[in-house]
Amino acid sequence: MKADGFSDLIKAIHQLDHYQRKTLSIALAEFSDTSQAFELIESHFDSVGVCPHCGHSKLYRHGSALGLQRYRCRTCHRTFNALTGTPLARLRHRSKWLDYLETMIHSLPLRQSAVEVGVHRNTALRWRHRFLSWLKRDRPDALQGITEADETYLLESDKGHRQLTRRPHKRGASASKRGLSKQQVCVLVARDRAGQTLVEVTGKGAMSKAQLTEHSKPVLNTDAVLISDSNPTYSAFCKTEHITHVAVNLSKGQRIINGAYHIQNVNAYHSRLKSWLHRFHGVATKYLPNYLGWRQALEQHHNISPGAFLRAALGDFQQLTVT
Ligand SMILES: [Zn+2]
């Protein structure tokens, strides 16, 4: 707002009636509630500082809208704000975001979150997945030293899908086919002894060597020692990639080799993951990567603040480690 306009606004305050003064003061109070979220969003943008359309950094300020600074790019001349091009663009009720993120930090089920924050269930669902959309990209830089790997399987779910081609599963349904089938979605967990963890959905049915390579090769150090069960996919992968491999033959009752080689940390991770997922009463397979990212953030970082969660939702994971 220009200086003239602002002084007119201040003068106009004296002309307000009782009802208008009350309305204005509610609006101002709401605005100061939102300021923390806005501050975080703006300061995140200051650290990025580039046009979301073309990536150039020569910008100038171009007014503001809905409480956020607008910018215009000197290169492509398009306008934007700190949320343009992020999963949070155009989401409303920003004053409630931090409270909502607090409910996510406590892993509250959807209905409870919605009630706590005072938004509709559909809004709460949309927010959940928008906040997780980039958060799930947080991956370890490298898995090093002794690294355990094992897959676990979750039943495929169309939950929330409107056009079911088959009768929906009842909650807690089990696969109609015994053993591994395409109804099972494979989740690979690899974890080094420093606790760095890679969690990836590899696809439906048993994990192939190509899938294992695709997901683990970018993060697994070549001098790591990979521990797995006797699934031959791991030994084939390690042979090709020249990675030292130790297989624990669980079916023969073997659990630990040389006092150090086991996959118990990864198996404990699987069981914590499954019991955590239980509260959501089955998650849609298309959203599974979001839930895995959410769980992983809670596993990896203790005492996450709502503000750090918000910045992570915008792709800045540095704050998560600050306690
Ligand atoms: Zn631009």
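## Strand pairing and helix packing in a predicted model

Ile227 stands opposite Val246 in β8. The model is a predicted one, in which local features need pLDDT of at least 70 and side-chain atom pairs count only at pLDDT 80 or more, while totals for chains, interfaces and linings use all residues. Residues are numbered from 1 along each chain as its sequence is written.

**Overall description**

The protein has 10 helices and eight strands; helices (H or I, at least four residues) and strands (E, at least two) are DSSP runs, numbered from the N terminus. Its C-alpha atoms fill a box of roughly 85 × 45 × 35 Å along the principal axes. Of the 323 residues, 25% are buried, a residue being buried if 20 or more other C-beta atoms, placed from the backbone, lie within 10 Å of its own. Among the contacts with a separation of 6 or more, 59% join residues 24 or more positions apart; two residues are in contact if their C-beta atoms, placed from the backbone, lie within 7 Å.

**The five-stranded sheet**

Five strands form an open sheet of mixed pairing, in the order β6-β5-β4-β7-β8. Two strands pair if DSSP finds at least two bridges between them. Neighbouring strands are turned by 25° against each other on average, direction ignored.

| Strand pair | Sense | Bridges |
|---|---|---|
| β5 and β6 | antiparallel | seven |
| β4 and β7 | parallel | three |
| β7 and β8 | parallel | four |

Ala190 stands opposite Leu198 in β6, and the bridge partner of Thr147 in β7 is Leu226.

Helix α7 (residues 232-241) lies across β4 (146-155), β7 (225-228) and β8, and runs at about 165° to β8. Axes are lines fitted to C-alpha atoms, for helices over the stretch in contact, and angles run from 0 to 180 degrees between N-to-C directions. Together, β7, α7 and β8 make a right-handed β-α-β unit; a crossover is right-handed if, with the strands pointing away from the viewer, the path from the first strand over the helix to the second runs clockwise.

**The three-stranded sheet**

An open, antiparallel sheet has the strand order β1-β2-β3. Its edge strands, β1 (59-65) and β3 (79-81), each pair on one side only. The twist averages 35° from one strand to the next.

**Packing of α4 and α5**

The axes of α4 (residues 110-117) and α5 (residues 121-135) come within 9 Å and cross at roughly 110°. This makes α4 roughly perpendicular to α5, a term that covers angles of 65 to 115 degrees. Leu110, Arg111, Ser113 and Ala114 of α4 make the contact with Arg121, Ala124 and Leu125 of α5. By class, four of these residues are nonpolar, one is polar and two are charged; Ala, Val, Leu, Ile, Met, Phe, Trp, Tyr, Cys and Pro count as nonpolar, Asp, Glu, Lys and Arg as charged, and the others, Gly among them, as polar.

Notes. A residue is buried if 20 or more other C-beta atoms lie within 10 Å of its own, exposed if 12 or fewer, and partly exposed in between; C-beta atoms are placed from the backbone. Angles under 35 degrees count as roughly parallel, over 145 as roughly antiparallel, 65 to 115 as roughly perpendicular and the rest as oblique.
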